[in-house]
Amino acid sequence: MNTLIIGAGAIGIAAGTALQAAGASVTFLARGETKTAMEQGGIHRTGLLGEAHSQPDQFSVTDSYDRLTHSPFDYIIIAVKTMANEAVCQQLASHADILAPGGKLVLFQNGWGNDEIYLRRFPRSQVCCARIVTGFVRTAPNVSHITVHSAPVLLGNLYQLDPAPLSPLAAALSAGGIPADITQDVGAALWAKMLYNCALNPLGAVLGLCYGDLTKSPCGNQIMGDIVDEIFAVMAACGYTTYWPNAEAYKKELFGSLIPTTYAHVSSTLQDIRRKHPTEIDTLTGKIIELGQAHGIAVPVNQMLYREIKLLESNY
């Protein structure tokens with residue numbers, strides 16, 4: 001199995017260690033200090049799912065699509081921040097021969113609607129998504145540390161197409177230490193992740209708190225509950241569904257199970273704010289606002305948090 005990972009951040013590095021350990025051929029597209037660290041010290045995964053280490057001679061890394069030496073690829077994992085999707089899509093379309101016939105682009109990203117950019121250049125059968133509810137932190141340019149793990153990575157296609165072609169990728173990730181599976185309804189899984197991320201990430205980033213600390217005051221629970229109510233209203237207007245029939249059922253699990261099992265995790269949004277990096281708020285809360293406006297659904301709590309994140313970004 002021949003894989004390319006675009007984006008050597010915490011998720012990309014962790015996925016690379018798993019795939020290499022499972023015997024897959026792994027190539028990274030990386031730049032700068034990340035590329036240098038990978039070439040000199042390999043890649044490493046630590047934390048909850050155990051340790052995995054790949055030496056520099058066990059994978060390939062390049063900073064240019066023109067210098068990819070192991071194409072065509074069966075799977076291209078896109079693990080960049082969502083703000084880079086437009087540029088990545090343009091590069092992939094200009095180098096379409098690097099994707100094998102029947103190969104898949106798999107978006108290992110937060111948010112909703114990321115596939116839309118890639119569908120401008122690639123058919124639905126080639127654009128797939130991953131639902132990830134594992135917490136990753138990059139503790140060094142070539143090290144990914146797993147802080148929380150709630151469920152396997154779920155791989156699928158949003159357009160009711162057979163997910164079976166993703167089975168080899170899921171099996172390799174699992175064999176390498178990151179549990180994964182395929183699903184016929186990855187949309188439901190992605191909306192479950194949207195609920196979780198949108199309820200926790202922007203509020204935690206604005207306040208500088210980990211997930212669990214948001215629940216220490218009834219006010220925090222009320223704000224997160226209001227966010228969930230707004231998202232369920234948007235989902236209903238759009239015709240989207242997830243694993244819970246209504247907002248009350250989801251909130252019961254959010255406060256009773258999901259947050260306690262990820263209590264100490266610091267969201268990627270807060271990590272970005274602390275590093276003074278752009279956040280992915282546009283494909284998280286921003287998408288809720290966009291869909292709400294399109295369907296006449298007011299989302300004032302989501303809108304306020306979105307504005308506060310943008311204010312923080314403007315003061316870097």
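These entries record what I looked up in the structure.

**Basis.** I worked from a predicted model in which local features need pLDDT of at least 70 and side-chain atom pairs count only at pLDDT 80 or more, while totals for chains, interfaces and linings use all residues. Residues are numbered from 1 along each chain as its sequence is written, and side-chain values use heavy atoms, with hydrogens and water left out.

**Entry 1, eight-strand sheet.** I took strands (E, at least two residues) and helices (H or I, at least four) as DSSP runs numbered from the N terminus, and two strands as paired if DSSP finds at least two bridges between them. An open sheet of 8 strands has the order β5-β2-β1-β6-β7-β8-β11-β12, with mixed pairing. Its edges are β5 (60-62) and β12 (180-182); each has a single partner strand, so one side of each is left without a neighbour in the sheet. From one strand to the next, the twist averages 25°. I then looked up β8 (residues 127-131) and β11 (residues 153-156), which run antiparallel and are joined by 3 bridges. Cys-129 has Gly-156 in β11 as its bridge partner.

Helix α1 (residues 10-21) lies across β1 (2-6), β2 (25-29) and β6 (73-78), and runs at about 160° to β2. For such angles, axes are lines fitted to C-alpha atoms (for helices over the stretch in contact), and the angles run from 0 to 180 degrees between N-to-C directions.

**Entry 2, four-strand sheet.** I found 4 strands in an open sheet of mixed pairing, in the order β4-β3-β10-β9. β4 (52-54) and β9 (134-140) stand at its edges with a single partner strand each, so one side of each is left without a neighbour in the sheet. The twist here averages 20° from one strand to the next. β9 and β10 (residues 143-149) run antiparallel and are joined by 6 bridges. Arg-138 stands opposite Ser-144 in β10.

**Entry 3, cavities.** I used a 1 Å grid over the protein atoms alone, where a cavity is a set of points that a 1.4 Å probe fits but cannot leave, and lining residues have an atom within 4 Å of a point. Grid points are joined across faces, edges and corners, and a volume is the space filled by probe spheres set on the points. The search of the whole structure gave 3 cavities of 30 Å³ or more.

The largest cavity holds about 70 Å³ of space. Its lining includes Trp-112, Asp-115, Cys-129 and Leu-190. By class, that lining has 6 nonpolar, 4 polar and 1 charged residues. I counted Ala, Val, Leu, Ile, Met, Phe, Trp, Tyr, Cys and Pro as nonpolar, Asp, Glu, Lys and Arg as charged, and the others, Gly among them, as polar.

The second largest cavity holds about 40 Å³. Among the residues that line it are Ile-11, Phe-108, Phe-136 and Val-153. This lining has 8 nonpolar, no polar and no charged residues.

I called a residue buried at under 20% relative accessible area (1.4 Å probe, protein chains only). In α10 (residues 285-294), 7 of the 10 residues are buried, so the helix is largely enclosed by the rest of the structure. Lys-287 is one of the buried residues. The buried residues pack against α4 (115-118), α6 (186-207), α7 (218-238) and α11 (300-314), contact meaning heavy atoms within 4.5 Å.

Just after α10, Gly-296 takes a positive phi of about 70°. Val-299 lies in the loop between α10 and α11, and counts as buried at 7% relative accessibility. Leaving out residues up to four places away in sequence, Val-299 touches Glu-230, Val-234, Ile-288 and Ile-289. Val-299 and Ile-288 are 11 residues apart in sequence and 7.8 Å apart in space, C-alpha to C-alpha.

Technical notes: 1 Å grid on protein atoms, 1.4 Å probe; cavity = no way out; pocket = protein on both sides within 12 Å on 5 of 7 lines; lining within 4 Å. Buried < 20%, exposed > 50% of the residue type's maximum accessible area, 1.4 Å probe, protein only.
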